Amino acid sequence: MAKAGSTKDAVPRVSKKPSKVVSGAPSQLNQSSRKGKRAWRKNIDIQDVEHGMEEMRAEERVTGKPLQATRDEDLFQIDVQGDTQVRKSLKKFSPALLTSTKILSQRSAVPAVFSRQSSSNSNKRKALVSHEEKGRLLRIGKRPRKGPFNSVVDPTEFGAGSAVLELSEAVKNSGTYDVWMPPSEVEIKDGLETVQPKKIKAPATKHVREAIEVQAVIEPHQGTSYNPTVEAHQELLLQAHEAEERRVRDAEKHAHIKEKVESARGEAEEITPGVALGMKLQAEMNEDDDDDEATEEQEVPAKRQPARKTSAQRRKAAQLLAEKRELAERAMRKRMLAAIPSARNIRRTTARLLSARQEELVQKRSAESLKLKKRGLSGKRLGKHKVPEGQVDVQLGEDLSESLRALKPEGNLFRDRKKAPAGKPAPKDSKAKAAKKAALQGVHSHASRKTRTSASFHRPKTLRLARDPKYPRKSIPHAPRMDQFRTIVSPLNTESAMKKIEEHNTLVFIVDIRSNKRQIKDAVKKLYDVQAAKINTLIRPDGKKKAYVRLTADHDALDVANKPCTEEQYAASLVHGRGVHIPIYHKPKYGIPVANIQFRSHHPELLDLFTHFATHAASSLGIPCSRPVYLPHKRTLWTVLRSPFAHKKSQENFERIVYKRAVKAWDADPEVIERWFLYLRRHAMGGVGMRTTKWERMSLSVGRTRLERLPKLEPTSGEKIKALGTKIATAELMAKEKAKVVASIRSAE
């Protein structure tokens with residue numbers, strides 16, 4: 001005991017570890033093996049486990065049984081009555097205190113726009129009793145079930161085919177539709193005006209019957225009668241004479257033209273007797289070749305090109321050209337200023353000429369329509385074909401019969417006399433003899449085979465009739481696919497473009513890739529009311545088409561480019577194809593961010609299109625938003641087996657790229673932002689994902705408001721603090737005494 005209390009032994013030795021554990025057993029961890037090797041099972045430190053097991057044994061010795069075997073009634077006490085002070089401090093339950101009620105109360109009172117009515121919103125009254133339940137109740141009450149038209153149906157024949165189980169929709173709705181009632185106007189909800197189907201208008205084309213008058217029974221001319229009047233017969237003879245004169249005149253005209261062509265060809269080429277026109281003998285062809293070679297040798301050498309001008313000469317020529325243009329512009333301005341006083345007289349004269357020309361045109365059209373109604377299309381040219389005129393049937397005076405009995409029923413003496421060939425008339429039985437000869441000899445007795453000169457065989461030409469539609473295939477013509485708004489995409493305002501405007505009187509535009517120079521010129525004329533002198537186009541490396549429009553001298557490109565147009569005027573104007581242009585980005589006033597949208601897609605074209613649509617929607621709602629921000633895209637690569645064989649050559653690589661864009665909004669009302677999100681979700685595009693983030697701002701002094709909602713705490717007195725300290729000290733003393741008792745028990749063992 002003296003050694004244990006000496007000063008020398010009181011110094012702890014850190015290097016030496018205890019050779020026994022808490023339970024008194026030797027520590028295998030600190031003892032080395034006799035062979036000089038440490039076995040793995042003896043080098044495991046289990047002191048913590050043995051310490052815990054020893055504490056459990058001590059607790060069992062003190063309490064009599066372990067904690068796991070103790071019942072819940074001995075460990076816990078159920079408070080059935082509760083604390084009255086706590087019950088008084090809590091507020092009474094109210095549905096207004098629920099978080100769900102607070103969230104719903106903060107939402108907008110304006111109802112959302114629905115494209116279609118859901119089943120939950122329908123006002124259709126639901127039946128309290130189903131059809132089967134009603135039938136079962138009728139069978140219990142022994143009442144007959146009525147069928148269509150109040151007929152009693154036998155309950156034993158339900159479903160057998162002889163009994164009708166249910167009325168059809170046609171019988172239920174019979175008598176409710178009125179044929180003569182005008183169609184009811186459908187109420188269009190707000191925001192759905194643009195998605196309503198357009199009414200198709202009937203075409204304004206006139207029917208053929210309105211232009212041409214076709215009689216049911218054609219009334220013949222009075223001069224064709226067997227005993228006509230003198231005036232009618234003379235009129236018919238005059239019509240036949242005019243038609244014959246016209247035919248003879250046309251024939252003479254064609255013959256004269258043919259003679260001119262042949263004479264001109266004969267003058268160019270010497271006509272050789274016995275040789276067809278346009279052909280030469282071999283000797284003449286050789287002489288012509290010699291003449292051609294001689295003329296080629298005698299050709300004059302090409303004219304020398306002028307020498308290249310120096311820079312001073314080119315500068316001087318440019319100055320002279322500029323002076324000439326300036327003089328021409330001054331002369332034109334003088335002429336315009338001189339014509340200003342006489343503008344009123346010119347306008348009156350022009351209006352008078354236009355009115356006279358309009359009246360003449362109306363009279364000409366009325367005469368043509370009247371002629372078309374009476375005569376139809378006879379004698380008119382339709383494309384490359386001409387509608388033949390009807391022949392005039394007329395008889396000469398000596399051929400007219402005085403009675404109906406002596407009238408010749410067929411034939412036309414006037415036509416037969418003018419068109420019959422000279423010579424003997426054919427005998428009456430010539431047709432009969434020809435038919436007899438063909439029947440005796442046959443039609444294939446002298447058939448000759450055509451001599452073929454090529455080995456290719458072609459299908460013979462068949463009859464192809466021209467199209468004769470009975471109704472128009474399109475009710476109205478299609479709108480112009482390349483109008484001025486689609487042709488010109490946007491003006492270009494770069495430094496080079498501004499230099500072109502100031503120095504060369506030229507406007508620069510980004511135009512549609514499919515437009516040509518004529519369409520660009522018309523579009524500039526319609527949009528800016530200026531005349532283009534020259535247009536040059538080119539395709540940029542990014543695939544867009546750029547057009548340089550040089551204006552005439554009477555228009556200034558700088559005035560056209562600086563034409564004032566406010567944002568309100570542009571928004572109020574009706575611009576077709578406005579969605580193609582860049583939207584108006586409103587500037588933020590306070591710079592408070594309220595929302596952020598991120599778009600993702602595997603297709604960059606669809607992603608840019610939907611981002612453009614979202615910015616246009618924000619511009620229409622008046623939301624200040626940023627331009628689309630290009631976020632870094634995510635690229636994923638992986639390799640899969642192409643076949644069940646695990647070879648390197650049978651593998652296949654795949655790649656997936658996710659493109660991202662972002663748009664940020666500022667200074668907008670939460671309700672407007674919510675409507676923007678709803679509109680984008682409703683018109684979402686396939687293949688483009690969208691993730692929205694919305695920030696809401698709370699009111700000022702939110703901390704003070706939350707402190708006021710907390711229950712008020714009473715101040716702590718000194719006596720309570722003293723009692724609490726006494727209690728803690730007592731608990732610590734009891735724990736120390738308990739530890740001493742446990743140590744004495746262990747030492748006794």
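Colleague: How many aromatic pairs does the count come to?

Modeller: The count comes to six aromatic pairs; rings of Phe, Tyr and Trp (its six-membered ring) pair if their centres lie within 6.5 Å, and planes under 30 degrees apart count as stacked, over 60 as edge-to-face and the rest as tilted. This is a predicted model, where local features need pLDDT of at least 70 and side-chain atom pairs count only at pLDDT 80 or more, while totals for chains, interfaces and linings use all residues. Residues are numbered from 1 along each chain as its sequence is written, and side-chain values use heavy atoms, with hydrogens and water left out.

Colleague: Why is the pair F599 and F610 edge-to-face?

Modeller: The ring planes of F599 and F610 are at 80°, with centres 5.6 Å apart, so the pair is edge-to-face. F599 is in strand β9 and F610 in helix α21, eleven residues apart. Helices (H or I, at least four residues) and strands (E, at least two) are DSSP runs, numbered from the N terminus.

Colleague: Are F599 and F610 buried or exposed?

Modeller: Both F599 and F610 are buried (under 20% relative accessible area; exposed is over 50%, partly exposed in between, with a 1.4 Å probe and protein chains only). Ring pairs also join F599 and F610 to F613 and Y679 in a cluster.

Colleague: On to the sheet. What is the order of the strands?

Modeller: The order is β10-β11-β9-β12, an open sheet of four strands with antiparallel pairing. Two strands pair if DSSP finds at least two bridges between them.

Colleague: Which strands stand at the edges?

Modeller: β10 (629-641) and β12 (688-694) do; each has a single partner strand, so one side of each has no neighbour in the sheet. β10 pairs with β11 (residues 651-666) over eleven bridges, in the antiparallel sense. In one of these, K634 has V658 of β11 as its bridge partner.

Colleague: Which helix packs on the sheet, touching β9, β10, β11 and β12?

Modeller: Helix α21 (residues 604-621) does, and its direction makes about 10° with that of β11. Helix α22 (residues 670-682) lies across β9, β11 and β12, at about 170° to β12.

Colleague: New topic. At what angle do α3 and α24 pack?

Modeller: Helix α3 (residues 47-63) and helix α24 (residues 718-748) pack at about 100°, with axes 11 Å apart. Axes are lines fitted to C-alpha atoms, for helices over the stretch in contact, and angles run from 0 to 180 degrees between N-to-C directions. The two helices α3 and α24 are therefore roughly perpendicular (65 to 115 degrees; under 35 is roughly parallel, over 145 roughly antiparallel and the rest oblique).

Colleague: Which residues make the contact?

Modeller: E54, E55, A58 and R61 of α3 meet V742, I745 and R746 of α24, where contact means heavy atoms within 4.5 Å.
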